[in-house]
Amino acid sequence: AIQIDTGGIPTGFVVVTMENAMPSYDIVQPSAWDAMDPTDDPVAACPGAVVVYGSLAQRDARSRAAITAAANAAAKRVFDINLRKPFIDPDLCVEHARGCWLLKLNDEELPEMARWLGLDVDGVDNKELAFATFNALDCEMLCVTRGGDGAALLTKKAGWMEHPGFRVEPVDTVGAGDSFLATLLDMLLEGMAPEVALERACRIGAFVATQQGATPRHDAEGIKALKRK
């Protein structure tokens, strides 16, 4: 079900500028991933499957149609919001967040989502805001990442849990969030307890932040040696 663009649109390219191990992004447009088509093959692969997707990849109407078709056919939808100016569409984000199996936000995106839902955010701490957002969207699970301060997970079955993160010296945080989500999903889908999955996801995300590049080789001993905050 892999699609290849024949219209001359280049492979996706992102310019990443680092300052104190924190990235800023120039997401070049157009990219081949802007031109996905909602053909039968990828949609046919989705029933019974988990579909993981974000908002940034839907900045073009073609890819938005393809992703929406795939998401609608999925057994479980995992929505990882990517708020990157100028490609922010509040209506799209709310639409895909509603009723999803897992919604992932960072601690800056959470109040934005709450505002789009018409919730009061002034003077409200992030835990209370997470509960309000979770209830308004009727998600199965909501995850809020906090950078170096770990993450929180709210589920219908297990309630609220959080992890403070690990003591690390970050080198390059690009890829840490994706590594976190991949680990969290892998463990949840294997049937691990949510608190175990959250700890492991924080551990892997912290390790990736200590390495150069978004997809470093994983060092089992180095990962195991990380100390909780």
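**The nonpolar patch and its setting**

Mentor: Strand β1 (residues 14–19) contributes the most to the nonpolar patch, namely three residues (helices, H or I with at least four residues, and strands, E with at least two, are DSSP runs numbered from the N terminus). The model is predicted: local features need pLDDT of at least 70 and side-chain atom pairs 80 or more, while totals for chains, interfaces and linings use all residues. Residues are numbered from 1 along each chain as its sequence is written, and side-chain values use heavy atoms, without hydrogens or water.

The patch itself covers about 300 Å² and is made by V14, V16, M18 and Y25. Its members have over 30% relative accessible area and no salt bridge; nonpolar side chains (Val, Leu, Ile, Met, Phe, Trp, Tyr) are joined within 5 Å, like charges within 9 Å. Areas follow Shrake-Rupley with a 1.4 Å probe, and for residues only the protein chains shown count as cover. Y25 belongs to strand β2, and with a relative accessible area of 34% Y25 is partly exposed (buried is under 20%, exposed over 50%, partly exposed in between).

Beyond strand β2, the loop between β2 (22–27) and α1 (40–44) holds P30. Q29 and P30 are joined by a cis peptide bond, with omega about 5°. A salt bridge (Lys or Arg side-chain nitrogen within 4 Å of an Asp or Glu carboxyl oxygen) is found ten times in the structure. In one of them, the side chains of R59 and D34 meet at 2.8 Å, N to O. Because D34 sits in the loop between β2 and α1 and R59 in the loop between β3 and α2 (61–73), the pair ties together parts that are 25 residues apart in sequence. Both ends are buried: R59 has a relative accessibility of 17%, and D34 has a relative accessible area of 1%. Another salt bridge joins D60 to R62, with the closest N and O atoms 2.9 Å apart. Here D60 counts as buried at 18%, whereas R62 is partly exposed at 37%.

The whole structure has two aromatic pairs (Phe, Tyr and Trp rings, for Trp the six-membered one, with centres within 6.5 Å; planes under 30 degrees apart are stacked, over 60 edge-to-face, the rest tilted). One of them is the tilted pair of Y53 and F79, at 5.3 Å centre to centre and 40° between the planes. Y53 lies in strand β3 (residues 50–54) and F79 in strand β4 (residues 76–80), so that distant parts of the chain, 26 residues apart, are linked. Y53 and F79 are both buried.

K104 is buried, with a relative accessible area of 8%, and D80 counts as buried at 8% relative accessibility. Salt bridges with shared partners also join R64, D89 and E95 into one network.

The loop between β4 and α3 (90–97) contains P86. K85 and P86 are joined by a cis peptide bond, again with omega about 5°.

Notes. Buried means under 20% relative accessible area, exposed over 50%, partly exposed in between (1.4 Å probe, protein chains only).
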